[in-house]
Amino acid sequence: MYGISTIGRAVTARGGRRASRSAAGLALVAATVAILTTGCSMQDAICGGGEYPVMTIGGTGSACVPDDEDPPKGYVRYPKGKVPEHVDDKWDMYWRTHSVDRSGRIIEVPAGS
């Protein structure tokens, strides 16, 4: 009887180790899938939560403003549909060479300005 009991414990111990390895492996796979499927969320956001980006009038400067505040003097909101969300995204790259003038028209900014 002693041999059967020992074998039973050995199987249970191995089964327990196998289950914990499987759980760890499953968690690793789930984390990898989550990272791969989120795509853009891995990029640096232009602004933090509770903020929105603004740009300087006539220049390529930018800042982040709390959602409940208006842009500071000399800054405006980005035109609707052309707001950068992540560093180096389409609109972040675009606004490095463009701005808006005091009338709100999009202008090209000369290099080095």
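**The sheet and its disulfide**

Modeller: Val 54 stands opposite Ala 63, a residue of S2. The model is a predicted one, in which local features require pLDDT of at least 70 and side-chain atom pairs count only at pLDDT 80 or more, while totals for chains, interfaces and linings use all residues. Residues are numbered from 1 along each chain as its sequence is written, and side-chain values rest on heavy atoms, with hydrogens and water left out.

Strands (E, at least two residues) and helices (H or I, at least four) are DSSP runs numbered from the N terminus; two strands pair if DSSP finds at least two bridges between them. Three strands make up an open sheet in the order S2-S1-S3, with antiparallel pairing. S2 and S3 are the edge strands, each pairing on one side only. From one strand to the next the twist averages 45°, taken between axes that are lines fitted to C-alpha atoms, with angles from 0 to 180 degrees between N-to-C directions.

S1 covers residues 51-56, and five of its six residues are buried, so this strand is largely enclosed by the rest of the structure. Here buried means under 20% relative accessible area, exposed means over 50%, and partly exposed lies in between (1.4 Å probe, protein chains only). On one side, five bridges connect S1 with S2 (residues 62-66) in the antiparallel sense. The hairpin of S1 and S2 has five residues between the strands, and Gly 58 there adopts a positive phi near 80°. S1 also runs antiparallel to S3 (residues 75-77), to which three bridges join it; in that pairing, Met 55 has Val 76 as its bridge partner.

A disulfide, meaning a pair of cysteine sulfur atoms within 2.5 Å, occurs once in a search of the whole structure. Cys 47 is joined to Cys 64, with an S to S distance of 2.0 Å. The torsion about their S-S bond is about -90°, so the disulfide is left-handed. The two cysteines link distant parts of the chain, 17 residues apart: Cys 47 sits in the loop between helix H1 (2-38) and S1, and Cys 64 in strand S2. Cys 47 is buried, at 14% relative accessible area, whereas Cys 64 is partly exposed, at 31% relative accessibility.

A word on confidence is in order. The average pLDDT (the predictor's confidence in each residue, from 0 to 100) is 80 for the protein, and 62% of the residues score at least 70. Residues 33-40 have pLDDT below 50, and beyond near neighbours in sequence this stretch makes two contacts in the model, a contact being heavy atoms within 4.5 Å.
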